[in-house]
Amino acid sequence: MEGRSPGTIDFTAFSGPGLRPSTTISKTSLLQTGSELRSFCHGICQRTNFFKGVSFLFLPKISSMKYLFVLFASFSIFIGCQSSLSPDVLPVLGPPEIGPNGDSIPHRIPDFSFIDQDSQVVNNETFEGKAYVTDFFFIACPTICPKTAKQMLRINDRFKDEPNLLLLGHTLAPKYDTVAALNRYAKNLGVSSDKYHFVTGNQAAIYKMAPEYMNVALEDSDAPGGINHSGYLILVDKKRHIRSFCNGTDPEDVDRFMNDIEKLLHEE
Amino acid sequence: MKNSQYFICFFALLFFGSCETYPYQQGKILYTNFCENCHMVDGTGLVGVIPPLAGADYLAINGEKVPCIIRNGIKGELSVNGRIYNTEMVGIERLTEFEITNIINYVHTSWGNELPIVEHLQVREWLRPCEKNTKPF
């Protein structure tokens, strides 16, 4: 046993967020619809990846049998989730609300209205009957935005002939990213507002939309560029439900995301 | 006793020296930390917004301006491979002459670039026009 008390190690290794067996069971029993189950499993798989990545860190502390067990367990969770990593139907993501009868109402993007690089009003009607990919950025952003922009361009290029997919970029610095600035930016990138809307507008209204798309956006003088924000790309379907997301700075994750877009476009 | 210490040092140096496969490791690390977000991991920049470093004619034509740009940033128009870029770049004042030299040499030898290696004395010379911010090392 190499001087370590049994049990403790398994727990350490399992202590990724939400991965304790007890939590898993109670949460599973709360899940009602199939899509919720899938989205939950999706979450587990992402954590499992993390967990697989760190499991070797515990290697020196545990006996080889334990290690084998942990490896096997993580592997089987990973394999078990494989099917839901690429589900036939994408899950509906986001925090659901509880309805009057105790049924869960899936998260839905609320109404919005902004102005794009060609001074057109962009609101929910712009995306009527279409899916869209959205992100939050600002032109002078010195950190993640150029990388995210590059991935948005990849999506733009791959789906440029697909009329049912649009792109929407929200600026987080509307004071500087005016219509004129966004127009120049879009021209430089070589994208058209038929496909890719860069929107500006009331700052508070834009910041309020970020959490609706599961993004973080806050002004922070300590952050480079003065704004602290996440670089997730979000896929919204025509019913205003979030169906997939990815890390906009990771090209491999974006590959997976583009497959999800493909899948959504072939839905129905 | 002293001799054996020298020996150990010598062999350690030999060992680490032989393991080093790429000569501009520091330049690579600095590039990742300070440049990669905008100029990208493959040096391609962002079309129309951030100029590329891979295959950029600017590096060959205006190589002497590069150290000052890294240190103090640049504002205004800039032509790279026949295209005009006009995005402000912020300088990284904390970088030393040596670090700037290493970054330049990393860029000069990466992504198919085959530009001459620069030495830090040369870079010191090129930094003179923006001397107010020059640091001794």
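Tutor: Let us begin with the sheet of chain A. Five strands form an open sheet with mixed pairing, in the order β7-β6-β5-β10-β11 of chain A. Strands are DSSP runs of E with at least two residues, helices are runs of H or I with at least four, and both are numbered from the N terminus; two strands pair if DSSP finds at least two bridges between them. This is a predicted model, in which local features need pLDDT of at least 70, side-chain atom pairs count only at pLDDT 80 or more, and totals for chains, interfaces and linings use all residues. Residues are numbered from 1 along each chain as its sequence is written, while chains are lettered from A and ligands numbered from 1 in the order in which they are written.

Student: How many bridges join β5(A) to β6(A)?

Tutor: Strand β5 (residues 131-137) of chain A and β6(A) run parallel. The number of bridges joining the two strands is seven.

Student: How many of the residues of β6(A) are buried?

Tutor: A residue is buried if 20 or more other C-beta atoms lie within 10 Å of its own, exposed if 12 or fewer, and partly exposed in between, with C-beta atoms placed from the backbone. β6(A) is mostly covered. Of its seven residues, the number buried is six.

Student: Against which strands do the buried residues of α7(A) pack?

Tutor: In helix α7 (residues 203-212) of chain A, the buried residues are A:Ile206, A:Tyr207 and A:Met209. They lie on the same side of α7(A) because they cover an arc of only 155° around the axis, the arc being that of the directions from the helix axis to the C-beta atoms. The face turned away from this side carries the exposed residues A:Ala204 and A:Pro211. The buried residues pack against β6 (165-171) and β8 (217-219) of chain A.

Student: What separation lies between the C-alpha atoms of A:Pro110 and A:Met209?

Tutor: A:Pro110 lies in the loop between β2 (104-105) and β3 (113-115) of chain A. It counts as exposed because it has 10 C-beta neighbours inside 10 Å. A:Pro110 and A:Met209 are 99 residues apart along the chain, and their C-alpha atoms are separated by 8.2 Å.

Student: Which helix gives the most to the side of chain A that touches chain B?

Tutor: Here 12 residues of chain A are in contact with nine residues of chain B, where contact requires C-beta atoms, placed from the backbone, within 7 Å. On the side of chain A, α5 (145-158) and α6 (179-189) each supply at least two residues. The helix that gives the most, with five residues, is α5(A).

Student: At what angle do α2 and α6 of chain B pack?

Tutor: Axes are lines fitted to C-alpha atoms, for helices over the stretch in contact, and angles run from 0 to 180 degrees between N-to-C directions. The axes of α2 (residues 25-34) and α6 (residues 97-108) of chain B are 7 Å apart, and the angle is about 90°. That makes α2(B) roughly perpendicular to α6(B), a term for angles of 65 to 115 degrees. The contact includes B:Leu30 and B:Tyr31 of α2(B) and B:Ile103 and B:Tyr106 of α6(B), and the angle asked for is about 90°.

Notes
Two residues are in contact if their C-beta atoms, placed from the backbone, lie within 7 Å. Angles under 35 degrees count as roughly parallel, over 145 as roughly antiparallel, 65 to 115 as roughly perpendicular and the rest as oblique.
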